[in-house]
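Biologist: I have a few questions for you. Could you put the model up before we start?

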Amino acid sequence: MRDADGTDARILVVDDEKAIVELLTSLLSSEGFQVLPFTKPLEALLACSQEGFDLAIVDLMMPEMNGFELCSKMRMITTAPILFLSAKDGETDQVAGLTLGADDYITKPFKPRELVARVKAHLRRVDYNSGAPRALCRKSDIEINRRGHEAFLLGEQLTLTPKEFGVLELLVRRAGEPISGEEIFESVWKEKYDSSGANSVMVHIRHLREKLSEIDSSREYIKTVWGVGYKLIVSTAPHQETPSSEADSYEA
């Protein structure tokens, strides 16, 4: 269960200094946040469009792409809070960052407790627990809206039970990675895994396959990795668009 201050939220951290990324990852993880750490802005931008996050901490001065440009591109994808982190404390840089869409500006060296307090304050401000829509996680033509508790395949909404949604969300979030039945059960059901748990996972996987097939039976989405578990198959090519505009009508 998430706390009112948004702990367990997904925090994207982008800084070309590995030591800073490791420090922030350790600091935020100890507070219960899920951290997505990156030292390369382009990789962070890709994750932003594919996985979604609840708040981002972005370094201003990076060689591959500066924070201003990254923030501008991220704002085309998400409305999640973006916090700039920079050794530059000039008013011009702060105003420029806020004008481009950043929500806060923190100067280095920063005080760990203050940074965590600001992160929690921004998550509260966007009402993390309200169920308002957040950036989507997109993998293999499947879109997951974690905050809205909705799932779509090729733009068409899937009708899922809470447990089916939890299983699919986990598979999408870790697409291409085999996940054991035990991990799926304990992550989604929040109970100790046993023989009945194995059966529950198997049944829910079967139901998910049936519901995915009702929309697109042209290929397999969930693969059984014998002796290991299950994984979402990552599509290597975009699905051929249908003439209908429905697939393009849903936006994050």
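Biologist: Pro109 lies in a loop; between which strand and which helix?

Modeller: Bear in mind that this is a predicted model: local features need pLDDT of at least 70, side-chain atom pairs count only at pLDDT 80 or more, and totals for chains, interfaces and linings use all residues. Residues are numbered from 1 along each chain as its sequence is written, and side-chain values use heavy atoms, without hydrogens or water. Helices (H or I, at least four residues) and strands (E, at least two) are DSSP runs, numbered from the N terminus. The loop with Pro109 lies between strand E5 (104-107) and helix H5 (112-125).

Biologist: Is the peptide bond from Lys108 to Pro109 cis or trans?

Modeller: Look at omega for the bond from Lys108 to Pro109. Omega is near -5 degrees, and the bond is cis.

Biologist: How many helices and strands are in the chain?

Modeller: Count the two kinds of element separately. The chain has eight helices and 11 strands.

Biologist: What share of the 252 residues is buried?

Modeller: Buried means under 20% relative accessible area, exposed over 50%, and partly exposed in between (1.4 Å probe, protein chains only). Of the 252 residues in the chain, the buried share is 45%.

Biologist: How are the rings of Phe68 and Phe84 paired?

Modeller: Rings of Phe, Tyr and Trp (its six-membered ring) pair if their centres lie within 6.5 Å; planes under 30 degrees apart count as stacked, over 60 as edge-to-face and the rest as tilted. By this rule there are four aromatic pairs. In the pair of Phe68 and Phe84, the centres are 5.7 Å apart and the planes stand at 90 degrees, so the pair is edge-to-face.

Biologist: How many residues apart are Phe68 and Phe84?

Modeller: This pair links distant parts of the chain. Phe68 is in helix H3, and Phe84 is in strand E4 (residues 82-86). Phe84 is buried, because its relative accessibility is 1%. The pair is separated by 16 residues.

Biologist: Which residues do ring pairs link into a cluster?

Modeller: Follow the rings from one to the next. The members of the cluster are Phe68, Phe84 and Tyr105.

Biologist: Are H2 and H3 roughly parallel or roughly antiparallel to each other?

Modeller: Axes are lines fitted to C-alpha atoms, for helices over the stretch in contact, and angles run from 0 to 180 degrees between N-to-C directions. The axes of H2 (residues 41-50) and H3 (residues 67-74) come within 11 Å and cross at roughly 15 degrees. Angles under 35 degrees count as roughly parallel, over 145 as roughly antiparallel, 65 to 115 as roughly perpendicular and the rest as oblique. H2 and H3 are therefore roughly parallel.

Biologist: Which residues in H3 meet H2?

Modeller: On the H2 side are Pro41, Leu45 and Cys48. Their partners in H3 are Leu70, Lys73 and Met74.

Biologist: How do H6 and H8 lie to each other, roughly parallel or roughly perpendicular?

Modeller: The axes of H6 (residues 162-173) and H8 come within 10 Å. They cross at roughly 80 degrees. That angle makes H6 and H8 roughly perpendicular.

Biologist: Which residues of H8 make the contact?

Modeller: H6 brings Lys163, Glu164, Val167, Leu168 and Leu171. H8 brings His204, Ile205, His207, Leu208 and Lys211.

Biologist: Is His204 buried or exposed?

Modeller: His204 lies in helix H8. Apart from residues up to four places away in sequence, it touches Thr161, Lys163, Glu164 and Trp189. Its relative accessible area is 16%, so His204 is buried.

Biologist: Is Lys190 buried or exposed?

Modeller: Lys190 is in the loop between helix H7 (181-188) and H8. Its phi is near 60 degrees, a positive value in a residue other than glycine. With a relative accessible area of 67%, Lys190 is exposed.

Biologist: How far apart in space are Ala198 and Gly181, C-alpha to C-alpha?

Modeller: Ala198 lies in helix H8 (residues 195-215). Its relative accessible area is 30%, so Ala198 is partly exposed. Ala198 and Gly181 are 17 residues apart in sequence, and their C-alpha distance is 6.1 Å.

Definitions and conventions: Contact = heavy atoms within 4.5 Å.
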